[in-house]
Amino acid sequence: MKNLTDKVIAITGAGSGIGRSLAIQLAREGSHLSLSDVDADGLKETKNLISQNINVTTHLVDVADRQQVYDWAKKTVKEHDHVDCIINNAGVASSASIEEIAYQDFDWVFNIVFYGVLYGTKAFLPYLKERPDAHIINISSVNGFTPFPNNGPYNCAKHAVKAFSQTLNQELRGTSVNITSVHPGGIKTNIARNIRSYDSAEVQQERIERFDRAARTSPDQAAKIIIKGMLKNRKRLLVGNDARVFDILNRLFPQKFADLFGFLYQREKQKGMVD
């Protein structure tokens with residue numbers, strides 16, 4: 001995408017975190033916005049933080065509901081005349097081993113993190129292909145190439161988002177639609193606080209505190225990097241120094257690096273630091 005002025009950009013998960021920061025910064029660039037989330041109050045707050053003279057519409061959308069996503073795409077084009085970019089950002093997580101997690105909790109994560117991306121892409125793609133310069137941005141994660149224990153659904157879904165984005169790049173080669181697969185490291189968002197956990201309250205609180213200590217990148221910093229990557233039409237984008245380190249170590253030691261997290265997890269389990 002060569003510039004952002006007067007572009008119409010749709011964003012999922014815009015009620016907080018990276019989605020909110022993207023909305024605010026894209027507005028400063030002169031983009032018009034179609035924002036969606038399941039959090040009506042969060043959406044309202046995001047819109048109120050945007051003071052630029054642009055067209056901003058908000059939509060209550062559960063990205064796991066295919067019909068809602070398709071309806072949103074139609075409304076976006078109706079209200080904005082066209083759409084130039086979809087940013088598939090919405091995400092959730094759970095904390096449980098593969099052995100203990102209930103199917104409905106696995107599905108909850110996968111339906112939002114992966115199928116939300118699939119629905120968003122397919123719903124908006126016909127409209128994007130009508131534009132001379134369009135973009136699809138899919139938020140994957142470092143989990144998309146390095147899995148972590150007790151995070152199976154998220155690991156699997158983010159791996160799927162990465163493969164999905166690579167497939168799109170192959171199939172849409174030579175068209176006006178560019179695809180970026182984004183891989184953030186630890187971002188200071190509320191995802192750890194909203195996690196569905198099978199652990200005790202004490203263990204969950206310790207996990208939140210460790211996440212807060214490890215997350216060195218703010219949503220605003222992440223949004224800035226993503227927007228810069230959009231303008232350069234990057235196919236793969238790492239967000240944060242931790243993401244770059246993980247990427248290097250995963251390339252050098254593709255199995256041993258994953259084994260390290262398994263070793264650390266078992267050690268913590270023996271010490272009673274995880275349930």
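This is a predicted model: local features need pLDDT of at least 70, side-chain atom pairs count only at pLDDT 80 or more; totals for chains, interfaces and linings use all residues.
Contact here means heavy atoms within 4.5 Å. Residues are numbered from 1 along each chain as its sequence is written, and side-chain values use heavy atoms, with hydrogens and water left out.

**The sheet**
- Seven strands form an open sheet in the order E3-E2-E1-E4-E6-E7-E9, with parallel pairing (strands are DSSP E runs of at least two residues, helices H or I runs of at least four, both numbered from the N terminus; pairing takes at least two bridges).
- At the edges sit E3 (56–60) and E9 (236–239), each pairing on one side only.
- From one strand to the next, the twist averages 15 degrees.
- E1 (residues 8–11) pairs with E2 (residues 32–37) over 4 bridges in the parallel sense.

**H8 on the sheet**
- H8 lies across E1, E4 (85–88), E6 (134–139), E7 (177–184) and E9, and runs at about 160 degrees to E9 (axes are lines fitted to C-alpha atoms, for helices over the stretch in contact, with angles from 0 to 180 degrees between N-to-C directions).

**H8 against H1**
- The axes of H1 (residues 17–28) and H8 (residues 219–231) come within 8 Å and cross at roughly 60 degrees.
- H1 and H8 are therefore oblique to each other (oblique is what remains after under 35 degrees for roughly parallel, over 145 for roughly antiparallel and 65 to 115 for roughly perpendicular).
- Residues making the contact include Leu22 and Leu26 of H1 and Ile226 and Ile227 of H8.
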